[in-house]
Amino acid sequence: MDPVKILKRAWHILWSYRALWVFGLILALTAAGSSGGSGNNGVRFSGDGNNQRYQAPLPENWREEIGKAFSEAGRELGRVFEQGLPALGISKGELTALIWIVVVFVLIMMVIGIVMAIARYVSETAVIRMVDEYEATDTKMGIRQGFRIGWSRTSWRLFLINLIVNLPIILLVALLVVVGFMIYTMVVGRSETFAVAGIVGLIGVVFLAIFVVVILSIFLHLLRHFFWRVCALEDVGVREALRRGFAMVRENWKEVGLMWLIMIGLGIAWVLVSIIAIILTIPVVLITSVIGAVVAAIPGLMLVGLFSTFLNGYLPWIVGGIFVLPLFFTIAFSPWVMLTAWQQIYSSTVWTLTYREIKALPAQLPEKEIGPVGD
């Protein structure tokens, strides 16, 4: 396998096969994630000598206090529903309308999220198959053909594979939370020495878990490249794709590892190049921001007119603006989205070409063995 040849070929495909750009834009839009700390304020130690004990900073009647707080919050919420928010000029009827608008907005965002998730896996399938077909027959598909081959059962299988790949990471994070809670419950009420040891142990567990999560995430996402391509190009089920993909990586771990290291290096270089590109394209983004504002103003004014039927003052403008913000951001930052689209296409193409090269390796071995014999 020649990594340089693969990188050059992927670069050529990126700029010559522009139908892929549409799917790259979809991937760029759909593939797009608190920390806190505390000192020892509020923590006190009681007792003397070696019998000091660590006490949680909670009053003895903390359950009653929490119950009172919830009760007071409930009464305050009920008062708001009865009177509205006079300080903000929002009446009871307007508050009710705002709540319904929020519910509608959340439902719309959920529908958009589902549509974008479907579009992502359809685009992933389309890019993989379009590149493979171009390499096999030198035939470039159009956008409509790309959607046709992407809209298939395979896109659903790619979703399931992605879910399986991320499941161990989710379970590991959940386990970390459980272990942290168990250590905390063991520390509370114990001696000072035990408390310090527990805190140190908790910190160690956190750092160890972060390290394991990062390593596991890198390894599983590396395998995912091959899981997806076996599924999309061999048209097999999820279980078979996992089995074949893992076997391919295991049998060709040197080639896979080399390409992974190269892609890591290219990723670092891409970060530096993208920073420069973002700075250079700021004037373009300013122009697209104006275009986005003009385009978003049309549905925005229509929504303001609609919301004005049951809202007064500044509320229709605020709510209408919130509804059209996603459209404005998409158009305004489209040059930067395009940069991400090119990166997505190039990365996917590299791994598709790598898969094809590795798959062809067993067929090339007999030819290499025959050569020396003839000499």
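Is Trp15 buried, exposed or partly exposed? Trp15 is partly exposed, at 32% relative accessible area (buried is under 20%, exposed over 50%, partly exposed in between; 1.4 Å probe, protein chains only). This is a predicted model, with local features needing pLDDT of at least 70 and side-chain atom pairs 80 or more, while totals for chains, interfaces and linings use all residues. Residues are numbered from 1 along each chain, and side-chain values use heavy atoms, without hydrogens or water.

**Aromatic pairs**
- The count is 16 aromatic pairs (Phe, Tyr or six-membered Trp rings with centres within 6.5 Å; planes under 30 degrees apart are stacked, over 60 edge-to-face, the rest tilted).
- Trp11 and Tyr346 are edge-to-face, because their centres lie 6.1 Å apart and their planes meet at 80°.
- Trp11 is partly exposed at 49% relative accessibility, whereas Tyr346 is buried at 16%.
- Trp15 and Trp21 are also edge-to-face, with centres 5.8 Å apart and planes at 85°.
- Trp21 is buried, at 18% relative accessibility.
- Ring pairs join Trp11, Trp15, Trp21, Trp342 and Tyr346 in a cluster.

**Charge over a ring**
- Arg224 sits over the face of Trp228, 4.5 Å from the ring centre (cut-offs: NZ of Lys or CZ of Arg within 6 Å of the centre and within 35 degrees of the ring normal).

**Helix packing**
- Helix α1 (residues 3-16) packs on helix α9 (residues 253-280) at about 50°, with axes 11 Å apart (helices are DSSP runs, H or I, of at least four residues, numbered from the N terminus; axes are fitted to C-alpha atoms over the stretch in contact, with angles from 0 to 180 degrees between N-to-C directions).
- α1 is therefore oblique to α9 (under 35 degrees is roughly parallel, over 145 roughly antiparallel, 65 to 115 roughly perpendicular, the rest oblique).
- Pro3, Ile6 and Leu7 of α1 meet Leu258, Met259, Ile262 and Leu266 of α9 in this contact (heavy atoms within 4.5 Å).

Methods: Helices (H or I, at least four residues) and strands (E, at least two) are DSSP runs, numbered from the N terminus.
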